[in-house]
Structure formats: C-alpha cells, structure tokens
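Subject: Structure for you to look at

Hello,

Here is the structure I said I would pass on. Please open it next to this email, and then read the notes below.

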Amino acid sequence: MFSRNARGLLDFSLALLCLWTAWHHTPAGALVRRASAWALGGHSTARPLLAYYDGVSGTGVSAPTLVPGTPPLRPFADGEALAYGTHLALRGLSPKARAPALALAEELGIPPASLLDETRGPAAARRLHEALAEGFPQEESRLTALFVGRVPARYAVERVAAEGGTPGLEQLARQLPPGFEDSTVAAAQALALSTAFGLAWPVPESAPVSSPFGYRLHPVLGTRKLHTGVDLSVREGTEVHAVADGTVRRASEDAVNGRVLILDHGRGVTTAYCHNSELVVRPGQRVTRGELIARSGNTGRSTGPHLHYQLALSAQPVDPLRFRARSSPVADESAR
C-alpha cells in the first residue's frame, strides 16, 4: 500500500511520536509545558505531574485541629472515629443542609446545638449513631439517615435492596430525591474523615517526629516547599506496618521518594511510605491493618534514615498528626 520510503518515513514519525510522548510525561517535559503555558498565557496540566515528582500536591489543605496541646499519642477507636468525622462534616454544612440531622437529634432527645459544639459535638454525634444503629446497621446507610433523615434513607435502602445492590453511599444517593446533594456529599466526607481518624501508626508510637507537616526550608534543595507528610526518625530496617486495610497502589522506586509504597484504603483515603530500604508487598496486593509492608531506610532524596509518612484525603495531603487522639475516649457529655 505504501512505498518502502513512505513506510520508513511513517515508522520514523511514529518513533518520534513515542519518544515525545514518553518525554512529555517526565519532569523536564512538564517544566517545558509550564514555561510555554506561562509565556503564551495559556493553561498547563503540568502542575499535578510536577507535584507527583516533587512529593507536593500544591494544595496545603490542613486537617482540623481536635484538641490543642501535646502531640497525639493513640489512634481513635471505631466509635470515636465515626463520631469525630460526623461532627466535623456537620459543622462544615450550611444551616439548610444540616437541618435534617438537627431535627433528628431533637426527635431523639439530643440537644441539636450540642452536635455543633466543639467540645460536646463528638459525643452527641456518637449518641446519634447509637440511636440509629438498630434501624440502619451499616455505617453508610446510617450516615445517610443521619444527614438526610430516616424516611428518605429508609426508602433509598429499600430501593437499593430491591435492585440487588449493596447500600453504599453512592448507591443510596442515586435513590434519594433532589435536594439532598449537599447532605450526601457531607456523608461521604464524614466517612472519609472517620477512616482517617481510625488509622493506626506505621512505626512504634515512640518514634520522634523529626520534621512535621507544613512549609519548610527543604533540607536538600534549600528552597521553601510544602512538606506533605511527617518524617519519623527510626533506624534503618525498622518494620513499617499498614495503618489500615487497603490495596497496594504503588510499590516502586524513584530518585525523590526512594523505595515508596502507596496504599489505598478506600473512601478517598490513601497513605504513602517513602525512603524505605525494602518493600515486602507488590502492586495490587491486599493488605490488612498492622501487616508488615516495608522496612524503613534512607533511599531517594533523604539526609538520614527515617520514614516519610503521608496521609491524603481525596488526593489532598493533610497532617496525619491531626488525626490522632490526645485525650481520653469520647464520653457521653449530653448531660452537661
């Protein structure tokens, strides 16, 4: 169909295209695209790519501070985690969107204002969950009932069951009438927050934090950059454990992060473990909470043995220390 010269030119063109595509997805290619977009006044998609190589998301979203004072010492229990996640999601809603939850609280004898109170809110949210548990035993259906009301939630649960599905938030949201969009988003946020609050710690709790989350002068580059996780000072070879059940999304090595693992815990929550000396799991593998996944080290862009531990919600890095309990378990404070 084509002459020999034409086929040779076509092969050469395809080879150039493949080389350009590969180069396009490197830091150098991303830098050129950003520079071109800046010069021409256009938009570039290179920022997320560069952020990936830098270990910086570009958006310093910090998690809510729970209790001021000393560094956190323990993970939240399941009931506490769900209570704090629900309380914080409710506080972020507009008065109209949080109305079903407040009405439900009043119906169950829980002071509505206590749900939004910084001190009493988690305990009030826990009481609300306990009151709904019999009718809505699954977490996701219970959160739906809490944020949209029992009647719409019951209808959604029955419709999902009739169609042979499982009552996840996404499936339940499809069965709700219009007008509950903000509430269903808040329910998903509560679920993500509760997952983050329930995470364990990857190394012994006694490991000191050598570099916290936030902007800092980069120890290697000498420029001010967002440090998207916490550096935990541990000896090389220290066992690194999964902080929750999840799936290994990445187990590889690069010049910046060294030997790195990324675990997907579902509900929009991921954790990353960088600079390891050894990885003991593979991509696609399911892991359980507390399972050995790596041994810490000093690989990649590192100035000494440590574990860089990173937590992200909906792909935005947050301070993992803010999701650790500092005080006694949530108690029932409704009598105050």
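The model is predicted. I begin with a pair of helices, α7 and α10, whose axes are 9 Å apart and which pack at an angle of about 135 degrees. The two helices, α7 and α10, are therefore oblique to each other. Their crossing, α7 with α10, is right-handed.

On the α7 side the contact is made by E139, E140, L143, F147 and V148. Facing them in α10 are S183, T184, A186, A187, A190 and L191. Sorted by class, the residues where α7 meets α10 are seven nonpolar, two polar and two charged.

Helix α7, which covers residues 139–148, also packs against helix α4, residues 78–91. Here the angle is about 35 degrees, and the axes lie 12 Å apart. The crossing of α4 and α7 is right-handed. From α4 come L82, T86, A89 and L90, and from α7 come E139, R142, L143, L146 and F147. This contact of α4 with α7 holds six nonpolar, one polar and two charged residues.

Next, the nonpolar cores. Which residues touch the most other members of the largest nonpolar core? They are Y273, I293 and Y309, in a core of 37 residues. The elements giving two or more residues to this core are the helices α4 and α10 (181–197) and the strands β4 (230–232), β7, β8, β10 (292–296) and β11. Another core, of 32 residues, lies apart from it and includes L82, A89, L176 and A190.

R267 is not a glycine, yet its phi is positive, at about 60 degrees. You will find R267 in the loop between β7 (258–264) and β8 (269–279). Is R267 exposed or only partly exposed? Its relative accessibility is 40%, so R267 counts as partly exposed; the cut-off for exposed is over 50%.

S314 is the other one: a residue other than glycine with a positive phi, near 50 degrees. S314 lies in the loop between β11 (307–313) and β12 (316–318). Because its relative accessibility is 56%, S314 counts as exposed.

Regards

Key. Residues numbered from 1 in each chain as written. Predicted model: local features only at pLDDT ≥ 70, side-chain atom pairs only at ≥ 80, totals over all residues. Heavy atoms only, no water. Axes fitted to C-alpha atoms, helices over the stretch in contact; angles between N-to-C directions. Helix = DSSP H or I, 4+ residues; strand = E, 2+ residues; numbered from the N terminus. Left-handed = near helix turned anticlockwise from the far one by under 90°. Contact = heavy atoms within 4.5 Å. Nonpolar A, V, L, I, M, F, W, Y, C, P; charged D, E, K, R; others polar. Buried < 20%, exposed > 50% of the residue type's maximum accessible area, 1.4 Å probe, protein only. Core = buried A, V, L, I, M, F, W, Y, C linked by side-chain atoms within 4.5 Å. Parallel < 35°, antiparallel > 145°, perpendicular 65-115°, else oblique.
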